[in-house]
Amino acid sequence: QSLATILLFSSLFVLQAVEGPHSKATAVVQKTLWWWLWWIGLGILSSVGLGTGLHTFILYLGPHIAAVTLAAWNCMSVDFPEPPYPDEILCPAGSPEAGAAMSIWTIMSKVRMEAIMWGAGTAIGELPPYFMARAARMAGSDMDPELEEALADADESLAGRAKKLVHHLIQKVGFWGIFLCASIPNPLFDLAGITCGHFLVPFSTFFGATLLGKAIVKMHIQKFSVIFIFSKDKVELLVNFIGSLPVVGKTLQQPFREYLDQQKAKLHHKLGESVGGGSSLIQRLYGFLVVAMLLYFTISIVNSFAQRHAKRTPIINGHASVGLTKAE
């Protein structure tokens, strides 16, 4: 098996390094694989934060789907020239064919692989809580503090009842319970991984149900929602609604109009031509949001590990007992 893996990677390296008739196909395959890995990586970052992931759907996949949707309705086609797609979206040369039509389903098929890869990444990102709880159980450790807290009878808050529901659903229904929890937006899914790990649910059951739920069902729901909202008529309704808001409506509407007009102009310029106008207010705000969420994600990761460590550390006379030794 190891020999076969070595031979496979050696063959791929030779195909890439040696020029020949295969070079063009190899370049296409390499570009596609890197594109898929990019979305898998973003999916992992979205769910690996042990409760607070980097919201890469809002920051990356959602805007990508929205951009493809706006371009598809404006160009009346999804056959964007490659290159520059996916780095840049341009309308195909020439006018749309007579009677050309566009539908949500056509756009969904255009972004299907990006969405599935991102969903698969979110499923992979759910594995650390599962493996940590499983390793602790097999080592004979006590129940994970987060799971113990979730099952505490005293916690009758909405979040507490939701955690108990997730726990009982997974414990009673098994594969289909995990699948159901993974198929809907569920901020408590970390608890599902911890529960499955603690009760030694087989890896194939946990990951299979999680992968199907997140990469197939949940991802298609999210993708459909974004495409529906950014469809041609809905965008115009949204801009008009913003303009109808009292006091600030007209002020907020202008940057949205400018942004949409700028994006339409970009769709129809030729490759290599520059489009004037610079960055819009919406783009600057988006850049600020990305930086702010990256900082928040980093801080939340550190805080999450600190809280988990504090829960596992017994307190003696008001001080953590880590590192204490018995005096001679």
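**Disulfide, cysteines and helix packing in a predicted model**

The structure is a predicted model, in which local features need pLDDT of at least 70 and side-chain atom pairs count only at pLDDT 80 or more, whereas totals for chains, interfaces and linings use all residues. Residues are numbered from 1 along each chain as its sequence is written, and side-chain values use heavy atoms, with hydrogens and water left out.

The disulfide links C75 with C91, at an S to S distance of 1.8 Å. The angle about the S-S bond is -70 degrees, and the link of C75 and C91 is left-handed. Because C75 lies in helix α3 and C91 in the loop between α3 and α4 (104-110), the pair ties together parts that are 16 residues apart in sequence. Helices here are DSSP runs of H or I with at least four residues, strands are runs of E with at least two, and both are numbered from the N terminus. C75 is buried, with a relative accessible area of 6%, and C91 is likewise counted as buried at 13%. Buried means under 20% relative accessible area, exposed means over 50%, and partly exposed lies in between, as computed with a 1.4 Å probe on protein chains only.

Two further cysteines, C181 and C196, were examined. C181 is in no disulfide, and the nearest cysteine sulfur to it, that of C196, is 8.7 Å away. C181 is buried, with a relative accessible area of 5%. C196 is also in no disulfide, its nearest cysteine sulfur being that of C181 at 8.7 Å. The relative accessible area of C196 is 0%, so this residue is buried.

The packing of two helices was then considered. The axes of helix α2 (residues 23-47) and helix α5 (residues 112-125) come within 6 Å and cross at roughly 40 degrees. Such axes are lines fitted to C-alpha atoms, for helices over the stretch in contact, and angles run from 0 to 180 degrees between N-to-C directions. Helices α2 and α5 are therefore oblique to each other; angles under 35 degrees count as roughly parallel, over 145 as roughly antiparallel, 65 to 115 as roughly perpendicular, and the rest as oblique. The crossing of α2 and α5 is right-handed, that is, the near helix is turned clockwise from the far one by less than a right angle. Residues making the contact include W35, W39, L42 and G43 of α2 and M117, W118 and G121 of α5, where contact means heavy atoms within 4.5 Å.

T56 belongs to helix α3 (residues 56-75) and is buried, with a relative accessible area of 0%. The side chain of T56 makes a polar contact with the side chain of W118 at 2.9 Å. A polar contact is a pair of N or O atoms within 3.5 Å; within protein, one must be able to donate a hydrogen and the other to accept it, and residues adjacent in sequence count only if both atoms are side-chain atoms. Apart from its neighbours within four places in sequence, T56 is in contact with L42, G43, L45, S46, L61 and W118. Q222, in helix α11 (residues 203-229), counts as buried at 17% relative accessibility. With neighbours within four places in sequence left aside, Q222 is in contact with F57 and W118.

For the protein chain overall, the secondary structure comes to 14 helices and two strands. Of its 328 residues, 36% count as buried.

Technical notes:
Disulfide = S-S within 2.5 Å.
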